[in-house]
Amino acid sequence: MALIIINCLFFILGGIAVFMIGMDMMGKSLEIAAGKSMRKLMGKAVRNRFAGVGTGAAITAIVNSSAATTVMIVGFVNVGFMTLTQAASVIMGANIGTTISAFIMALSSAGGLDLEVASIFALIAFIGFVLTIVGKKNKIKTVGNIFEGIGLIFVGLHVMSGAVAELMASDVGNAVAKMFIALGNGKSSLTWEIPVLFILGAVLTAAMQSSAALTALVISLSGGGLISLQMAMCIILGANVGTCLTSLISSMGASTNAKRTAMIHLLFNVAGCFVFIWPVAFAGNYIADFLNRGIGNTQWEIAVFHMVFNITTTLLLVGFIKYIVKLACILVPEKKTGKQEGAQDILDERLLKTPAIAVGQARREILRMGNLAFTNYKRSLDMLLSGKMDGKEQFDETERQINEMNKQITQFLIKLSSQEISETDEKKVSSFYHVTSDMERIGDYAENITEYAERLTVTDAKFSDHAVEEIRQMDMHLTELYKNVELAFADHDLRYMSKIEEEEEATDAMCKTMQQSHIRRTDEGRCNPETGAVFLQLAVNMERIGDHMFNIANSVKSYVGNPANN
C-alpha cells in the first residue's frame with residue numbers, strides 16, 4: 001500500500017514538473033514571437049482603465065502567468081513608466097488572462113478522451129522537438145519551442161491524471177477517497193473545512209509560486225474523483241490569494257509605489273475572494289449542480305468557475321480603482337528619506353521577466369542618457385562662448401550621472417543578453433552596447449570643451465566674431481544632426497538617414513572650413529596662439545561628436561530591414 005502511494009506521488013510530482021516546464025517554454029516562446037506586439041500593447045495600457053484591463057489580459061495570455069505580468073508591472077511602476085492607477089487596471093486584466101491556462105488544462109479531458117487528446121499533443125511536442133533540431137531560422141525554432149511547450153503541458157497533465165486514476169483503481173483508492181471526504185465534500189454550510197481548503201490553496205500556491213501548477217493538480221484530482229467541485233472552488237479561491245506572494249516578494253527593495261502595486265494586487269484578489277467565499281460556502285452544492293447540468297465535466301466546470309470569478313471581480317472593482325489605490329497608499333505609507341526613490345536604477349531587473357519589454361525600456365534609458373550627453377555639450381559650448389563658468393557645477397553632476405548610467409545600462413544589457421529573446425531583439429541589444437559607448441564619448445568631448453572654456457577664462461582670451469560665427473554654424477549642424485539621430489533611434493526609422501548623412505557631411509565640411517579659416521587668420525596676424533589652439537581642438541571635437549551621432553544612427557540598420565519596419 002505504501003509503495004503504491006509513493007509511486008503515484010512521484011508521478012504526480014513529475015507530472016507537475018513536466019507541466020511547469022511546458023508552461024514556461026510555451027510562455028517564453030510566445031513572448032519572443034509576440035515581442036513587438038507586447039510593446040505596442042503596453043503602450044496602449046496607459047490610455048484608460050479599460051485599455052489597461054485588456055492589455056493585462058492579452059499579455060498574461062501570452063506569457064501564461066499572472067504572477068509574471070504583475071512582477072513586470074511592479075517593475076514598470078518602480079521606474080515611473082506607469083502610474084498606480086494604470087497598474088491597477090493591468091493587474092485586473094492579468095487575472096482574467098490567467099484563466100486561459102485553466103481551459104488549456106481542462107482540454108485534456110475533452111469528450112472523456114483523455115488518452116487520445118494527450119496522445120495528439122504528445123505528437124505535437126515531438127514535432128516541436130524536430131523543428132528545434134532541424135530548423136535553421138530562429139523563427140522556426142521559436143515555433144518548435146511553442147509546440148514543445150504545448151505538448152509538454154498535456155503530457156504533464158496526462159501523467160498526473162494517470163497517477164490519480166491508478167491510485168483510485170487500487171485498494172488504496174478507497175482509503176484516500178475517504179480521507180478527502182472526511183476533509184469535506186462540499187455539501188455542508190460554512191464549516192471549518194471551507195477555510196482550511198482556502199488556506200491550503202493559498203499556502204500551496206505561495207510555496208510553488210504558480211497558481212497554474214496548483215490549478216493543474218486540482219483539475220487532475222477532480223478528474224479522478226478525489227475532490228468535489230466545491231472543494232476545488234475553495235482551493236482555487238485560495239490560490240488567487242497565494243499567487244500574490246510573488247509580486248509581494250518582487251516589490252521588496254523597490255520604491256514605495258512598487259510596494260503599493262503589489263498591495264493593489266493583494267487587495268484586488270482578497271476582495272474578490274471575500275465576495276465569492278460566501279456563496280461557495282453556503283450555496284456551493286447549488287452552484288455545483290448548476291454547473292454540472294450545464295457542462296457535465298468537473299475539469300471544465302473548474303475552468304469556468306475560475307474565469308467567472310476573475311471576470312466578475314474585475315467588473316465589480318474596475319469602477320473603484322481610485323479607492324483601491326488610495327487604500328494601498330494608506331497601507332503602504334511614503335517613506336521620508338532624503339533620497340529620491342527609483343532615481344538610481346531606472347532599469348529595474350524585474351523587467352527581465354519580459355525581455356521584449358526590457359529591450360524597449362533599455363532603449364528609452366539610452367535615449368535619456370543621450371539627451372543628457374547632448375545637453376552637457378550645449379552647456380559646455382555656452383560656457384566657452386560666454387566666458388562664464390556658472391554652469392560648471394551642474395555640468396560635472398550631469399557628467400557623473402552619464403558615467404553612472406553607462407555602467408548601469410551596460411550591466412542591464414549583459415543580463416538581458418542572457419535571456420531568451422527574439423533574433424531582432426538580440427541584434428538590438430548587441431547594437432545598444434555600441435550606442436551607449438558612443439553617447440558616453442559625446443559626454444567626454446563635451447568635457448573637453450569645458451576644459452577649453454576654463455583655459456580661455458584663465459587667460460581672459462576670446463574668439464573673434466568671425467570664429468564665433470563659424471562655431472555657431474557648426475553647432476547648428478550638430479543640433480540638426482542630433483534631432484534626426486534621436487528620431488531614427490527612438491522610432492527605429494531609417495527614413496531619417498538621408499538627412500542624417502547630409503548633416504554629418506556638413507559637419508565634416510565645416511570642420512575643414514574652420515581649420516582653413518584659422519590658417520588664414522593666423523597668416524593675417526588676427527589670431528593669437530592660445531585661442532587658435534583651442535579653436536582647432538574645438539573644431540575636431542565637434543566633428544567627432546558628429547561622427548558618434550552618425551554611428552548611433554547607423555546602428556539602427558543592423559536590426560531594421562527597411563524604412564517601413566520599426
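Helices in these legends are DSSP runs of at least four residues, numbered from the N terminus. The model shown in every view is predicted.

View A. S517 lies in helix α21, which covers residues 497-523. With a relative accessible area of 4%, S517 falls under the 20% limit and is therefore buried. The side chain of S517 forms a polar contact of 2.5 Å with the side chain of E470. When neighbours within four places in sequence are set aside, the residues in contact with S517 are H466 and E470.

**View B. H492 in the loop between α20 and α21.** H492 is placed in the loop that links α20 (465-491) to α21 (497-523). A polar contact of 3.2 Å connects the side chain of H492 with that of R363.

**View C. Helix α4, residues 66-78.** Because 13 of the 13 residues are buried, α4 is largely enclosed by the rest of the structure.

**View D. The nonpolar cores.** The largest nonpolar core contains 92 residues, and those with the most contacts inside this core are I73, Y377, L384, F489 and M542. Helix α17 (residues 355-386) supplies the largest share of this core, with 14 residues. Another core, of 47 residues, lies apart from the largest one and includes I146, L197, L221 and L229.

Notes. Residues numbered from 1 in each chain as written. Predicted model: local features only at pLDDT ≥ 70, side-chain atom pairs only at ≥ 80, totals over all residues. Heavy atoms only, no water. Helix = DSSP H or I, 4+ residues; strand = E, 2+ residues; numbered from the N terminus. Polar contact = N/O pair within 3.5 Å; in protein donor to acceptor, adjacent residues only side chain to side chain. Buried < 20%, exposed > 50% of the residue type's maximum accessible area, 1.4 Å probe, protein only. Contact = heavy atoms within 4.5 Å. Core = buried A, V, L, I, M, F, W, Y, C linked by side-chain atoms within 4.5 Å.
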